[in-house]
Amino acid sequence: MTRLGPRSETTRKARLLQAVGEALYGHLYKRNLARGLGISRSTLHLWLAGAAPRRDVVSELSDLVERERDSLAERNLVLTGVRKILSDERTKQQKIANAGNH
């Protein structure tokens with residue numbers, strides 16, 4: 001098996017940065033990904049262009065994915081509660097409207 005050289009490794013990390021960024025934030029991911037990693041956008045641009053990060057980017061991306069997943073799970077709970085409130089309100093309005101029609 002051929003071991004990847006430093007250039008291949010940085011290219012793979014750049015692809016990972018892009019893939020994770022797009023998966024989490026869509027095609028306009030760079031600002032949010034930089035914020036999530038605690039780096040400047042210019043540093044992110046350098047990494048995406050192939051500069052070798054001096055950090056464990058794979059671990060940081062993994063941690064970021066976990067944080068975002070947890071945040072989405074919390075938001076899902078909130079949205080489920082809001083949906084229930086709206087559904088209950090709609091049911092009340094329908095009952096009032098039906099009572100007025102009789």
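Modeller: Contact here means heavy atoms within 4.5 Å. The model is predicted, so local features need pLDDT of at least 70 and side-chain atom pairs count only at pLDDT 80 or more, while totals for chains, interfaces and linings use all residues. Residues are numbered from 1 along each chain as its sequence is written, and side-chain values use heavy atoms, with hydrogens and water left out.

Colleague: Leaving aside neighbours within four places in sequence, which residues is Val65 in contact with?

Modeller: Val65 lies in helix α4, helices being DSSP runs of H or I with at least four residues, numbered from the N terminus. Val65 and Val20 are 45 residues apart in sequence, yet their C-alpha atoms are 7.8 Å apart. With those neighbours set aside, the contacts of Val65 are Val20 and Leu24.

Colleague: Does Val65 count as buried, partly exposed or exposed?

Modeller: Buried means under 20% relative accessible area, exposed over 50%, and partly exposed in between (1.4 Å probe, protein chains only). The relative accessibility of Val65 is 33%, so Val65 counts as partly exposed.

Colleague: Which residues of α4 are buried?

Modeller: Helix α4 covers residues 57-100, and its end C-alpha atoms are 63 Å apart, in agreement with the 64 Å that its 44 residues should span. That expected span is 1.5 Å times one less than the number of residues. The buried residues of α4 are Val57, Leu61 and Leu64.

Note on methods
Helices (H or I, at least four residues) and strands (E, at least two) are DSSP runs, numbered from the N terminus.
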